[in-house]
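Visitor: I'm new to this one. Could you walk me through it?
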Amino acid sequence: MSDVEGVWRAEGGEKARVLIRVDGTADLADVPDGCLPGGGGHYSGPANWVFDAVLDESPGVRFTYERPDASEVCSVYFAVPKPGEGYFIEDREEVNYVRDSGGSK
């Protein structure tokens with residue numbers, strides 16, 4: 001839990017941000033949207049998360065959320081290859097994220 005909880009910010013001047021809480025909830029801001037066919041687009045809003053693993057990827061967490069304009073549950077996978085570093089496998093721009101050392105905010 002301590003490897004994923006807290007605030008994660010995109011590197012390289014990107015505005016994307018992820019807040020992961022211990023209770024299984026999260027706030028996502030400008031992250032890749034798992035509902036759009038073929039990738040592209042971004043999502044901002046509340047989500048739930050669970051630990052997960054995807055073949056040929058580092059362990060990480062799966063975020064699930066419902067978009068107001070979609071009737072399905074959407075999901076994106078956030079891989080954490082080593083403590084404090086992560087990325088969304090659905091991200092076509094290959095943005096890396098780093099965890100704030102200050103913890104949850």
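**Confidence, a disulfide and one asparagine**

Visitor: Where in the protein chain is confidence lowest, and where is it highest?
Guide: Confidence is lowest in strand β6 (residues 73-82), with a mean of 93, and highest in strand β2 (residues 17-20), at 97. The score is pLDDT, the predictor's confidence in each residue, from 0 to 100. Strands are DSSP runs (E, at least two residues), numbered from the N terminus. This is a predicted model, where local features need pLDDT of at least 70, side-chain atom pairs count only at pLDDT 80 or more, and totals for chains, interfaces and linings use all residues. Residues are numbered from 1 along each chain as its sequence is written, and side-chain values use heavy atoms, leaving out hydrogens and water.

Visitor: And what is the mean pLDDT of the protein chain?
Guide: It is 88, and 91% of the residues reach 70 or more.

Visitor: How many disulfides does a search of the whole structure find?
Guide: One, counting a pair of cysteine sulfur atoms within 2.5 Å. Cys35 is joined to Cys74, with 1.4 Å from S to S. Cys35 lies in the loop between β3 (25-32) and β4, and Cys74 in strand β6, 39 residues apart.

Visitor: Are Cys35 and Cys74 buried or exposed?
Guide: Both are buried, meaning under 20% relative accessible area; exposed is over 50%, and partly exposed is in between (1.4 Å probe, protein chains only).

Visitor: Changing topic: why does Asn48 count as partly exposed?
Guide: Because its relative accessibility is 42%. Asn48 sits in strand β4 (residues 42-52).

Visitor: What is Asn48 in contact with, leaving aside neighbours within four places in sequence?
Guide: Gly24, Thr25, Arg62, Phe63 and Thr64, where contact means heavy atoms within 4.5 Å.

Technical notes
Helix = DSSP H or I, 4+ residues; strand = E, 2+ residues; numbered from the N terminus.
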